Amino acid sequence: MKQFMDEDFMLRSDTAKRLYHDYSEKLPIIDYHCHLSPQMMLEDKPFENITQIFLGGDHYKWRYMRSCGVDEEYITGSASDRDKFKAFCSCLGYAIGNPLYHWTHLELRRYFGIDEIVSEDTADIIWEKANKVIAETKMSPSRLINSSNVDVICTTDDPADNLEYHRAIKEKGHISASVYPAFRPDFALNIEKDTFAPYVHKLEAVSGKEINSFRALADVLVERIRFFDENGCKVSDHALDGAPYCELSSDELEAAFEKAMRGESVSSAEADGYKTALLAVMAEEYHKLGWVMQLHMGALRNNNSRMFKKLGADTGFDSINDYAIAENLSKLLDSMEKNDALPKTILYTLNPKDNYTLATMLGNFQSSEIPGKIQFGSAWWFNDQRDGMTEQMKSLANLGALCKFVGMLTDSRSFLSYTRHEYFRRIMCNIIGSWVENGEFPCDYTILGKIVSDISYYNAKNYFGF
């Protein structure tokens with residue numbers, strides 16, 4: 001029986017161990033998509049206790065606690081931080097098969113030097129030990145980032161943001177990683193939602209321009225893209241409910257825009273046509289600037305209306321959607337390609353049923369502009385665990401060029417989540433090592449080492465142009 005989470009954790013062969021320890025383990029991290037707060041990074045306030053770092057905003061952990069029957073009072077309610085932490089430890093002790101079990105123990109070991117196994121019995125010991133480390137080191141966002149070998153962080157930012165925190169972080173110089181904004185125009189894209197008209201007015205205030213037409217909105221967004229570019233941005237991100245595609249005339253586009261601004265409902269065809277047109281405008285600008293466009297598909301959000309009303313979005317009540325995406329996604333990408341305006345693009349699916357769909361879609365739109373121009377994004381959200389990562393990488397290897405994969409990201413609001421890069425790298429090295437051990441690929445460490453180090457770090461560095 002192997003020891004629990006020893007130095008060769010998840011590395012099941014000698015080849016896997018060598019690949020990880022010699023070629024992957026010590027490489028820097030490029031976190032090209034996360035939800036960390038630039039304001040928290042700038043203010044850099046020390047955390048008061050382990051609960052603030054472990055459970056604050058972490059809806060992965062909240063979902064698990066709810067599944068174990070923990071009352072909301074001990075999750076997002078008014079219970080003390082100590083009681084919340086004890087409630088978490090009490091149920092995590094039984095989390096067999098859940099990646100939270102591994103992530104939590106990795107976080108405790110890497111950041112706090114704590115080897116205790118999490119359980120109800122050890123909760124008080126871990127609480128005291130972790131809080132002692134927090135107090136002694138004045139543990140803050142910058143300390144966690146600087147101790148994690150992070151090279152680049154891309155946050156997620158609204159087009160209306162003035163990016164003052166990013167500029168101030170750079171000027172302050174307390175974070176060793178380069179912190180860049182990422183352009184996330186969901187509110188401008190979601191014409192069918194009641195947030196659309198108020199958001200357009202917000203953009204008017206920021207830009208100082210009247211937005212009374214689709215064309216005017218598109219022009220303002222292009223201006224905001226250029227402003228983000230001036231502040232170091234190299235990547236956009238779009239959360240798409242599906243893969244929208246519909247062709248509307250200019251008059252139809254303007255009519256749909258006017259309806260939405262009056263607060264009237266738009267049809268699904270009007271919404272898809274509007275999104276198709278606006279994505280095309282933004283994609284053309286991304287292409288000109290050399291940006292990467294990320295398309296996240298497959299989420300069904302805010303399913304529990306009662307809890308959404310109580311806690312808001314991103315609190316653990318989302319799940320996987322199961323719509324068809326292949327035909328519309330093909331048409332959407334082709335419409336950009338026709339005009340030679342398809343940017344570097346990363347495609348993510350939350351539903352693993354679409355792994356092969358995306359892995360084959362890549363090959364339709366590659367070019368010599370850059371290796372792996374169209375990427376199959378890392379296993380995302382509910383899939384960023386051992387089986388999900390394994391299936392994503394195997395799909396890409398079977399149908400594309402795994403060697404050009406840009407690798408892992410945190411997609412997280414937690415400053416402890418850099419251990420997920422370690423988790424990913426161990427899984428990746430184990431997969432490749434198993435192929436070598438089975439005689440399915442030569443044991444040539446010159447080639448194997450390059451593949452592993454590229455996926456771990458260099459592919460992302462070159463792809464994004466950091």
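**Questions and answers**

Student: Is D411 buried or exposed?
Tutor: Take the cut-offs: buried means under 20% relative accessible area, exposed over 50%, partly exposed in between (1.4 Å probe, protein chains only). D411 has 11% relative accessibility, so it counts as buried.

Student: What kind of model is this?
Tutor: Residues are numbered from 1 along each chain as its sequence is written, and side-chain values use heavy atoms, without hydrogens and water. Local features need pLDDT of at least 70, side-chain atom pairs count only at pLDDT 80 or more, and totals for chains, interfaces and linings use all residues; the model is predicted.

Student: Where is D411, and what is its phi?
Tutor: Most residues other than glycine have a negative phi. D411 lies in the loop between α18 and α19. Its phi is positive, near 50°.

Student: How are α18 and α19 oriented to each other?
Tutor: Helices (H or I, at least four residues) and strands (E, at least two) are DSSP runs, numbered from the N terminus. Axes are lines fitted to C-alpha atoms, for helices over the stretch in contact, and angles run from 0 to 180 degrees between N-to-C directions. α18 (residues 386-399) and α19 (residues 419-437) pack at about 50°, with axes 10 Å apart. Under 35 degrees is roughly parallel, over 145 roughly antiparallel, 65 to 115 roughly perpendicular and the rest oblique, so α18 and α19 are oblique.

Student: And how are α13 and α14 oriented?
Tutor: The axes of α13 (residues 250-261) and α14 (residues 268-289) come within 10 Å. They cross at roughly 110°. Therefore α13 and α14 are roughly perpendicular.

Student: Which residues of α14 meet α13?
Tutor: Contact means heavy atoms within 4.5 Å. From α13 come L253, A256 and K259; they meet α14 at E270, G273, Y274 and A277.

Student: Which kind of aromatic pair do F227 and F228 form?
Tutor: Rings of Phe, Tyr and Trp (its six-membered ring) pair if their centres lie within 6.5 Å; planes under 30 degrees apart are stacked, over 60 edge-to-face and the rest tilted. By this rule there are 27 aromatic pairs. The F227 and F228 centres are 6.2 Å apart with planes at 75°, so the pair is edge-to-face.

Student: Is L163 buried or exposed?
Tutor: L163 sits in the loop between β2 (150-154) and α9 (164-172). It is not a glycine, yet its phi is positive, about 60°. Its relative accessibility is 0%, so L163 counts as buried.
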